[in-house]
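Trainee: I have a new model open and would like to go through it. Can you help me read it?

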Amino acid sequence: LLVQRLKQQGGEELSIVFARTKYGADKLARFLNQRGIKAEAIHGNRSQAQRDRTLKRFRDGALPVLVATDVAARGLDIKGVTHVVNFDMARDCDSYVHRIGRTGRAGEVGEAITFWNPDYDKPCSPALVKIARDAGQEVPAFLQQYEKGKASKQWKVTDAAKAKSLLAGAQ
């Protein structure tokens, strides 16, 4: 599904794909390259010079897909990011909100897609439902069934207004 979606973009748009681990980011970048999608990974095991080179290629459009850990979830202001894909769910609510906020910036329209695995991601469900509802987004039926479940402390929605403003751009 990920490869199909990225190929539909045809390399014309910028996408950030988030992975939970450094190893996962490297593996996913290799996987995408093997399927004809130009991608590079950035994470904490890369030197600052390597991260800067990769980000420059991404900003310039020479690299349509950036695969990253949460090292890229905050502080990057890259114009033209049209898609964010959470290949792995973020570890906490703030990281999730910052990830999806990489698209739809400064009045631009973007799309955030999250792969969700019930074996690992149930604790974030109540928060995801609240974030989506507060932002006026549609809540998928599969997620609604976990809405009343026990939420993890990491997934406490502390700033619904911030989440709402970020989600408003990422539609």
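This is a predicted model: local features need pLDDT of at least 70, side-chain atom pairs count only at pLDDT 80 or more; totals for chains, interfaces and linings use all residues.

Trainee: Fine. How many helices and strands are there in the protein chain?
Mentor: The protein chain has eight helices and five strands. Their order along the sequence is α-β-α-β-α-β-β-α-β-α-α-α-α.

Trainee: What share of the residues is buried?
Mentor: Of the 171 residues in the protein chain, 46% are buried.

Trainee: And the surface, what does that come to?
Mentor: The accessible surface of the protein chain is about 9200 Å². Carbon and sulfur atoms hold 49% of that.

Trainee: What about contacts between residues 24 or more positions apart?
Mentor: Taking contacts in the protein chain with a separation of 6 or more, 70% are between residues 24 or more positions apart.

Trainee: Switching to α6. Which of its residues are buried?
Mentor: Helix α6 covers residues 125-134, and seven of its 10 residues are buried. Those are Ser125, Pro126, Ala127, Leu128, Val129, Ile131 and Ala132.

Trainee: What follows α6?
Mentor: Gly136 comes after α6, and its phi is positive, near 75 degrees.

Trainee: Now Asp94. Where is that found?
Mentor: Asp94 belongs to helix α4, residues 93-100.

Trainee: Why does Asp94 count as partly exposed?
Mentor: Because its relative accessibility is 33%, and partly exposed lies between the buried cut-off, under 20%, and the exposed one, over 50%.

How values were computed: Residues are numbered from 1 along each chain as its sequence is written. Side-chain values use heavy atoms; hydrogens and water are left out. Buried means under 20% relative accessible area, exposed over 50%, partly exposed in between (1.4 Å probe, protein chains only). Helices (H or I, at least four residues) and strands (E, at least two) are DSSP runs, numbered from the N terminus. Contact means heavy atoms within 4.5 Å. Accessible areas come from the Shrake-Rupley method with a 1.4 Å probe; for residues, only the protein chains shown count as cover.
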